[in-house]
Amino acid sequence: GSSGSDRVFMDAFAATLAALRPKTKARLTKNGLLVPTLQMVFRQSNRNVKSDKDYFTGKAHPTVFDGKQIDVEKMIRRAHEIQAKTLPPLAQIAVAEEMEENPGIDYFDIGPRQKLFTTPHAIARIHKTTARNYHITLDGKPSADLDDLELTYRWAVLRGDANRIKIETEGPKNPVAKITIPWHDRRPIHPGSNIHSNRIDIGLFVSNGTHWSAPAIFSVFHPDNQQRSYDRDGRILSVKYDPSIYNDPRIDAPVDWTDTYHYDNGKLLGWTRSRKNQELQDFTAEGRLILEKDASGKPTQTTAVRYIPKRLSDGKFKLEQQIIEESK
């Protein structure tokens, strides 16, 4: 906030708080709904939200809000209309089922790191698995209305290719959604935008018949330092890792190799790892390094490997592959 760019937001929220009816504000505060309601009012009232339909798109829920889009008068009017007897509901999500992760086999890192964080209002994952699709089932049942009114559930793609992302539900009264997100390369956050991202956002909105809630958001980040290739059936063909492209090391550790995958009648046999100025290394489908092969190319001796962070002379670090000594 040293530039003062946040002041316009603070002023807008202060005016919105003042516009709430006293009984409405008191009941919101008592039940922990004040901030979620302010978020709903703010997100519905921005100038680029031209219609009710826009509220369920990325226009209303960008990563970075533009102070020039704030409509303070609209926020004040919307806040003043909220009655204490009918408050906005609260959207919350939980993980019902999720694909397993196998570090050292379907991705390479110091350990399991696909699950960045899980909270009732925001869930974040890293698409580290080499599988083309990330699968998760989310449950909006923890969502609540203060007066126990029946809720309607609406899931929406807020960022990403909606034509490729699949959200399966059993109707607006069922809180469960099966979500399939394919690997996404970097793309504009919306058509014509100068901001590009590898992140996917999916929002859950709930309605009590009077108000729609602020969204609970599920996000998946696709590391930018990977160039992936898949075949027509969705099988991974190759992954080129580029350590020169920065990713937060808490999300993805930098590596300097390319993996090329091999199949026999659709069954994964393993992969070949290539590095600049180094000999090729072959791995089994279980992630074991092949030390020796017979005349037909079948592995006769393998060893387990592990991946640990190694700090470089410049203070940065990269992921290093090490052989695990196994007792005979």
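How many bridges join strand β3 to strand β11, and which way do the two run? Five bridges join β3, residues 122–126, to β11, residues 216–221, and the two run parallel.

Ground rules before I go on. This is a predicted model, where local features need pLDDT of at least 70, side-chain atom pairs count only at pLDDT 80 or more, and totals for chains, interfaces and linings use all residues. Residues are numbered from 1 along each chain as its sequence is written, and side-chain values use heavy atoms, with hydrogens and water left out.

Terms, quickly. Strands (E, at least two residues) are DSSP runs, numbered from the N terminus. Two strands pair if DSSP finds at least two bridges between them.

Now the sheet. Five strands form an open sheet, in the order β2-β3-β11-β10-β5, with mixed pairing. β2 (115–118) and β5 (152–159) stand at the edges with a single partner strand each, so one side of each has no neighbour in the sheet. Neighbouring strands here are turned by 15 degrees against each other on average, direction ignored. Those angles come from lines fitted to C-alpha atoms, on a scale that runs from 0 to 180 degrees between N-to-C directions.

Next, the hairpins. β17 (289–293) and β18 (299–303) run antiparallel, joined by four bridges. The bridge partner of I290 in β18 is T302. This hairpin has five residues between the strands, and G297 takes a positive phi near 95 degrees.

Then β19 (305–311) and β20 (317–323). Seven bridges join them, again antiparallel. K310 stands opposite K318 in β20. Five residues lie between these strands as well, and G315 in the turn has a positive phi of about 95 degrees.

Most residues other than glycine have a negative phi. N265 has a positive phi, near 55 degrees. N265 lies in the loop between β14 (258–264) and β15 (267–274). Is N265 buried or exposed? N265 is exposed, at 81% relative accessibility. The cut-offs: buried is under 20% relative accessible area, exposed is over 50%, partly exposed is in between, with a 1.4 Å probe and protein chains only.

N277 also has a positive phi, about 60 degrees. N277 sits in the loop between β15 and β16 (281–284). N277 is exposed too, with a relative accessible area of 76%.

N198 is another loop asparagine, between β9 (196–197) and β10 (199–207). N198 is buried, with a relative accessible area of 2%. What do its side-chain polar contacts join? The N198 side chain joins that of R186 at 3.1 Å, and that of D224 at 3.2 Å. A polar contact is a pair of N or O atoms within 3.5 Å; within protein, one must be able to donate a hydrogen and the other to accept it, and residues adjacent in sequence count only if both atoms are side-chain atoms.

A cavity is a set of points on a 1 Å grid over the protein atoms alone, where a 1.4 Å probe fits but cannot get out; lining residues have an atom within 4 Å of a point. The largest cavity has a volume of about 70 Å³, taken as the space filled by probe spheres set on the points, which are joined across faces, edges and corners. Its lining includes Y107, F108, K128 and R228.

Notes. 1 Å grid on protein atoms, 1.4 Å probe; cavity = no way out; pocket = protein on both sides within 12 Å on 5 of 7 lines; lining within 4 Å.
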